[in-house]
Amino acid sequence: MEPKLDVCPSSNKHLRACLSCGLVKTSDQFFETGCENCAYLDLNDNNDAIDSCTTARFYGIVSVIDPSDSWVAKWQGNDACVPGCYALRLQGHLPSDKLDEMPPNLRLRYDRELKMSNS
Ligand SMILES: [Zn+2]
């Protein structure tokens, strides 16, 4: 299977990371296509949602080509996510109404992120 790399950031300016799954793209890309992993966030065509559900404060980026076969993706909790670039650490919190809708596989990553940022 050809890896799909169309979710990679199209530029290194105005990068943001999804607070739910860590996917890194430009704010324009989030505006155009939303987050491929987090349809429940309704990011496309919605600058308010992009502001509250993604963050420009993240560090470390890992590129994942085959998430189901990558130990990094597994460790990050992204093994069920689309191929792309993912932030290693995120700063910020999802709005609480979005937290309730978060799929369990992403919840694992989010909870660990919280634990690390509080320690
Ligand atoms: Zn996401």
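**View 1. Tyrosine 40 in the loop between H1 and H2.** Tyrosine 40 is placed in the loop between H1 and H2; helices here are DSSP runs of H or I with at least four residues, strands are runs of E with at least two, and both are numbered from the N terminus. This is a predicted model, in which local features need pLDDT of at least 70 and side-chain atom pairs count only at pLDDT 80 or more, while totals for chains, interfaces and linings use all residues. Residues are numbered from 1 along each chain as its sequence is written. Tyrosine 40 counts as partly exposed because 16 other C-beta atoms lie within 10 Å. For this count the C-beta atoms are placed from the backbone, and a residue is buried with 20 or more others within 10 Å of its own, exposed with 12 or fewer, and partly exposed in between. The C-alpha atom of tyrosine 40 is separated by 6.9 Å from that of glutamate 101, although the two are 61 residues apart along the chain.

View 2. Aspartate 45 is found in the loop between helix H1 (27-33) and helix H2 (47-53). Its phi is positive, at about 60°, although aspartate 45 is not a glycine. With 11 other C-beta atoms within 10 Å, aspartate 45 is exposed. Histidine 14 lies in the segment before strand S1 (15-18). Histidine 14 is not a glycine either, yet has a positive phi of about 55°. Histidine 14 has 13 C-beta neighbours inside 10 Å and therefore counts as partly exposed.

**View 3. The open sheet of S1, S2 and S3.** Three strands form this open sheet in the order S2-S1-S3, with antiparallel pairing. Strand S2 (24-26) and strand S3 (54-55) are at the edges with a single partner strand each, so one side of each has no neighbour in the sheet. Two strands are taken to pair if DSSP finds at least two bridges between them. S1 and S2 run antiparallel and are joined by three bridges, and S1 and S3, also antiparallel, are joined by two bridges. Alanine 17 stands opposite valine 24 in S2 and opposite threonine 55 in S3. In the hairpin of S1 and S2, five residues lie between the strands, and glycine 22 takes a positive phi near 90°.

**View 4. Lysine 25 in strand S2.** Lysine 25 is a residue of strand S2. With 27 C-beta neighbours inside 10 Å, lysine 25 counts as buried. Leaving out residues up to four places away in sequence, lysine 25 touches Val7, Pro9, Arg16 and Phe30; a contact requires C-beta atoms, placed from the backbone, within 7 Å of each other.

**View 5. Cysteine 18 and the largest nonpolar core.** A nonpolar core is a set of buried Ala, Val, Leu, Ile, Met, Phe, Trp, Tyr and Cys residues joined through C-beta atoms within 7 Å. The largest such core has 23 residues, of which Ala17, Cys18, Cys21, Leu23, Cys35 and Cys53 touch the most other members. S1, H2, strand S4 (58-64) and strand S5 (84-90) each give two or more residues to this core. S5 gives the most, with three residues. Cysteine 18 touches Leu23, Cys35, Cys38, Cys53 and Thr54, again without residues up to four places away in sequence.

**View 6. The whole chain and the annotated segment.** The chain has five helices and five strands, running β-β-α-α-β-β-α-β-α-α from the N terminus on. The radius of gyration is 13 Å, close to the 14 Å from the globule rule for 119 residues, so the chain is as compact as a globular protein of that length. This radius is taken over C-alpha atoms, and the rule is 2.2 Å times the number of residues to the power 0.38. Along its principal axes the C-alpha trace spans about 40 × 30 × 25 Å. Of the 119 residues, 32% count as buried. Among contacts with a separation of 6 or more, 54% join residues 24 or more positions apart. In an unreviewed entry, the UniProt annotation "domain: Spt4/RpoE2 zinc finger" covers residues 15-91; UniProt positions are in the numbering used here, feature names are shortened, and annotations may be inferred rather than shown by experiment. Over residues 15-91 the chain is 26% helix and 30% strand, with the end C-alpha atoms 14 Å apart.

Terms used:
Two residues are in contact if their C-beta atoms, placed from the backbone, lie within 7 Å.
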